[in-house]
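Let's walk through some side-chain contacts in this one. Have the sequence and the model open side by side as you read.

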Amino acid sequence: MGPGWRERCDPGRPAWFTPVLSFLLVAGLSPFPARAQLISPGRLASAHQELEGIRNCTACHRLRQKGVDRDRCLACHTPLAARVSSGRGFHGTLPENDCAACHKDHFGPDFDLLHFDPVAFDHERAGYSLTGGHRDAGCRDCHVPAYLDDPDVRAFKARYGALDRTFLGLGTTCLRCHRGADPHQGQFAGEACDACHDTNGWAEAPGFDHGETRYPLTGAHRRVDCTGCHPPLPAPATGAVTDAGSIALRFAPIAFSGCASCHQDPHGGTMQGACATCHGTATWGAVDRGRLESTFDHRSTGFELEDSHAALACATCHDPAAADTLEGITLRFQPRASRPAYPPPRAETCASCHDDAHRGEFRNPRDAGGCDACHGQSTWLPARFDLARHDAAASFPLEGAHRVTPCAGCHRSAEGLLQIRLGNPDCATCHGSDDPHRDQFPDRGCSECHGVESFRIPDFDHDRTGYRLEGAHVAVECGGCHTPEPAPSGTLFIRYRPLGGECVDCHGGAS
């Protein structure tokens, strides 16, 4: 026995015990069986009862040697021999070669061969340090038959009915003990638990870094609880509740090809393109307007911005409140599009946003064109409806002074809007209110005397009036005979008819 064994194993044993034990063992070699009980220092513990009797002494002791032969102990305790030879576990680290230094026998069947103080025992010497929550566990919380995995230890201890008393045979991996409480239900088979978890608590995973996955968390995603993205797994037959009372979550596979994999579309399908074009992960409610307005390709909406449209601020068309203040603009928004930061308006035609200045006159245009048949997006005026198109499409070709008359000179209604369709116009359609003749010629058309180059009559044939100009009358100006006179309204007009044809009608009577 090594020095100090009394203090380590049995400090209460008297000093005279060793010489007496040696004497009895030597005396036990006598060939007389009747001396067996006299030679033996006492009956064996219940675990060694099959070795009771003088003929079995050499199963543990060598002749003429003190103490117990370690090799003979390990010859029976084969699972422990394997640990000692490989330096594993507590026994593999002991320097003593004498098993009896700690394990005494011959004190009767009820004597406990294992002297173990769980408070003083340094578990690190067993090759497994107790940390975190393991410090609070009792020895028999872990060292129970259900967790004993070593087949040799299990077979050996079962043979002697000692499965519930041994401390050998436990593994060191988490699932050796927590095998019935895998919170991931095999999602991480083949991976060590301590790659993510430690012994301080199973609910946390301090070793896990989401940045090392295929989906690093940024912005507001870093503040979302795991359950916000990882839903509970369907409960298996054994239940999905772990030993910590938590619900098993699905960690793989999780779809993350796009935002819609997790988030419902707040635009109701009215916006095309990737969400990241407008949104970031910093917050869901805000849109990076600078980034959006500098990078967003409006063609992805099906409405390409050109010319003046391209220069407009986004809010001009995508802010209902701002659009209400614009003259001539009436926006109508897509259904289910009231919540987004940029609600999409209806934009099938120009009239979807722009009030119709023609009051429906071109709903079925004869030239089969929409607004862009005449107007462009750079400026609405002047229109692209030129003189050539007027000559070709209108029933009233422009000639003479009419070719330089502004469109509004003829195509303006009482409300100030352009009235394009004028029916079958004649001179009175436009000039009726300015008739200089005050209905003196209701039976004649203007074109009988006037042309379209000028309203002045360059060469009027007075013979057509029934009063032929002769002599000095030829040189008289028209106003010499056709003088102004007031109309009932007070305005002056030139009297052309009726006029007398006698001399006294102009010159009066001779004096």
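A word on the ground rules. This is a predicted model, so to speak of local features pLDDT must be at least 70, and side-chain atom pairs count only at pLDDT 80 or more, while totals for chains, interfaces and linings use all residues. Residues are numbered from 1 along each chain as its sequence is written, and side-chain values use heavy atoms, with hydrogens and water left out.

Back to Glu448, which makes a salt bridge with Arg464, the closest N and O atoms being 3.8 Å apart. A salt bridge here is a side-chain nitrogen of Lys or Arg within 4 Å of a carboxyl oxygen of Asp or Glu. Glu448 and Arg464 are 16 residues apart, and each lies in the loop between α15 and α16. Helices (H or I, at least four residues) and strands (E, at least two) are DSSP runs, numbered from the N terminus. Arg464 is partly exposed too, at 41% relative accessibility.

The structure holds 9 salt bridges. Another one pairs Arg497 with Asp443, at 3.9 Å between the closest N and O atoms. Arg497 lies in the loop between β2 (492-494) and α17 (503-507) and Asp443 in the loop between α15 (427-431) and α16 (478-481), so this bridge ties together parts that are 54 residues apart in sequence. Arg497 is partly exposed at 30%, whereas Asp443 is exposed at 53%.

Then there's Arg403 with Asp391, which meet at 3.2 Å, N to O. Arg403 is in the loop between α13 (387-393) and α14 (407-410), and Asp391 is in helix α13, 12 residues apart.

Now for the rings. How many aromatic pairs does a search of the whole structure find? There are 6, counting rings of Phe, Tyr and Trp (its six-membered ring) whose centres lie within 6.5 Å, with planes under 30 degrees apart called stacked, over 60 edge-to-face and the rest tilted. Phe156 and Tyr160 have ring centres 5.2 Å apart and planes at 55 degrees, so this pair is tilted. Phe156 is buried at 7% relative accessible area, while Tyr160 is partly exposed at 37%.

Conventions:
Buried < 20%, exposed > 50% of the residue type's maximum accessible area, 1.4 Å probe, protein only.
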